[in-house]
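Thanks for asking me to look this one over. Here are my notes, in numbered points, to read with the structure open beside them.

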Amino acid sequence: MNKLIFEEVKKPLILNDISPRWAARLETGQQLPTVLSVTWLRWYFELKRASRCVVGEAHGYSSSYMYYCRECDKIGWKFMLYFTLRSYAKLDETKHIFVKHWNNDHI
Ligand SMILES: [Zn+2]
């Protein structure tokens, strides 16, 4: 197939392609776990760890992006913050920002 045509038909990735585990957890319209429940705590501690958070999953559960991509580092903290604040709107916004950034800079 002609490379140019291939590029044109290539669809941008969605969060489900980039970080499938977190995409399922943070699916739009789904309730977050009860604060301080076992699930909530597990997610909270994973979001705090650069290698285990939404952005870390995208990077193959590595925290190396902290040293070479400021934007990913920033987005990782946003997920953690808005999860803690239970801000569904801000979490959705952060997912969009992350997916856009990933499609622009990491593929
Ligand atoms: Zn990045």
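**Notes on the fold and on one helix pair**

1. Of the chain's 107 residues, 26% count as buried. Please keep in mind throughout that this is a predicted model.

2. On the overall build, the chain has eight helices and zero strands, so its pattern along the sequence is written α-α-α-α-α-α-α-α. The C-alpha trace spans about 55 × 30 × 20 Å along its principal axes. Among contacts in the chain with a separation of 6 or more, 49% come from residues 24 or more positions apart.

3. How do α7 and α8 pack? Helix α7 (residues 70-84) and helix α8 (residues 88-105) meet at an angle of about 165 degrees, and their axes are 9 Å apart. With over 145 degrees as the cut-off, the two helices are therefore roughly antiparallel to each other. The crossing of α7 past α8 is left-handed.

4. From α7 they are Glu71, Ile75, Lys78, Phe79, Tyr82 and Phe83, and from α8 they are Lys90, Leu91, Thr94, Ile97, Phe98 and His101. Sorted by class, the contact of α7 with α8 holds seven nonpolar, two polar and three charged residues. As a reminder for reading such a list, an α-helix has 3.6 residues a turn, so residues three or four places apart point the same way.

5. I also looked at the length of α7. At 1.5 Å a residue, its 15 residues should span 21 Å, and the C-alpha atoms at its ends are 22 Å apart, which agrees. After α7 comes Arg86, which has a positive phi, near 55 degrees.

6. Which residues of α7 are buried? They are Cys72, Ile75, Gly76, Phe79, Met80, Tyr82 and Phe83. The buried residues of α7 pack against α8 and also against α4 (38-48), α5 (54-58) and α6 (65-68). Ile75, Phe79, Tyr82 and Phe83 are buried, and these four residues also take part in the contact with α8.

7. Trp43 deserves a look too; its place is in helix α4. Is Trp43 buried or exposed? Trp43 counts as buried because it has 21 C-beta neighbours inside 10 Å, where the cut-off is 20 or more.

8. Which residues does Trp43 touch, leaving aside its neighbours within four places in sequence? Trp43 is in contact with Arg25, Pro33 and Phe83. Pro33 lies 10 residues from Trp43 along the chain, and their C-alpha atoms are separated by 8.9 Å. Phe83, for its part, is one of the buried residues of α7.

How values were computed. Residues numbered from 1 in each chain as written. Predicted model: local features only at pLDDT ≥ 70, side-chain atom pairs only at ≥ 80, totals over all residues. Axes fitted to C-alpha atoms, helices over the stretch in contact; angles between N-to-C directions. Parallel < 35°, antiparallel > 145°, perpendicular 65-115°, else oblique. Left-handed = near helix turned anticlockwise from the far one by under 90°. Contact = placed C-beta atoms within 7 Å. Nonpolar A, V, L, I, M, F, W, Y, C, P; charged D, E, K, R; others polar. Expected span 1.5 Å × (residues − 1). Buried ≥ 20, exposed ≤ 12 C-beta atoms within 10 Å, placed from the backbone.
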